[in-house]
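Welcome, and please open the model in your viewer. We will go from stop to stop, with something to select at each one.

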Amino acid sequence: MADLERLTFTIERPLYRRMQQLMQKTRCRNRSEFIRDLLRARLVEEHWEADEEALGTITLLYNHEKRDLSRKLTDVQHHHHDEVLATTHVHLDRHTCAEMIMVRGRAKVIEDLAQALGQEKGVLHASVAIGSTGRRLA
Ligand code: NI
């Protein structure tokens, strides 16, 4: 079993009620686990802000009919072959494609890649979900 610290802390009652509501909403029944999850979520943000190695998903929405766009998007990904782990393509409807690109690398590189993909003409939306490689979260 991991080395544990037992904590006692004080919190305003209204804030405590909000915590209980959040716990109910997220179906978390264990206060310790709830606090651990909050801390880890904050640490993932910290690691991202510090430009550490991260795991992320870039989601693109683009027009399938835009000439040459698929090839251009693939070219950009080939230039980042060190970061791109996998790509999933979904034909959302007759005209629209969605692509989820799983990436691993420094946060800044992932953001630059998402920006480069998002700037191609015909891309309707590009977003980044930040994740963690799991280091320094335990
Ligand atoms: Ni498609």
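Predicted model: local features only at pLDDT ≥ 70, side-chain atom pairs only at ≥ 80, totals over all residues.

Residues are numbered from 1 along each chain as its sequence is written.

**The core.** Select I58, L60, I110, L113, A114 and L117: among the 16 residues of the largest nonpolar core, these touch the most other members. Such a core is a set of buried Ala, Val, Leu, Ile, Met, Phe, Trp, Tyr and Cys residues joined through C-beta atoms within 7 Å. Buried means 20 or more other C-beta atoms within 10 Å, exposed 12 or fewer, and partly exposed in between, with C-beta atoms placed from the backbone.

**The loops.** Next, pick R27, in the loop between helix 1 (13-25) and helix 2; helices (H or I, at least four residues) and strands (E, at least two) are DSSP runs, numbered from the N terminus. R27 has a positive phi of about 55 degrees, though not a glycine, and is exposed, with 6 other C-beta atoms within 10 Å. Move on to D51, in the loop between helix 2 and strand 1. Its phi is near 60 degrees, also positive, and with 13 C-beta neighbours inside 10 Å, D51 is partly exposed.

**The strand pair.** Finally, select strand 2 (residues 84-91): how many of its eight residues are buried? The count is zero. Strand 2 runs antiparallel to strand 3, joined by seven bridges; strands pair if DSSP finds at least two bridges between them. Look for H89 opposite E99 in strand 3, then follow the four-residue hairpin that joins strand 2 to strand 3.
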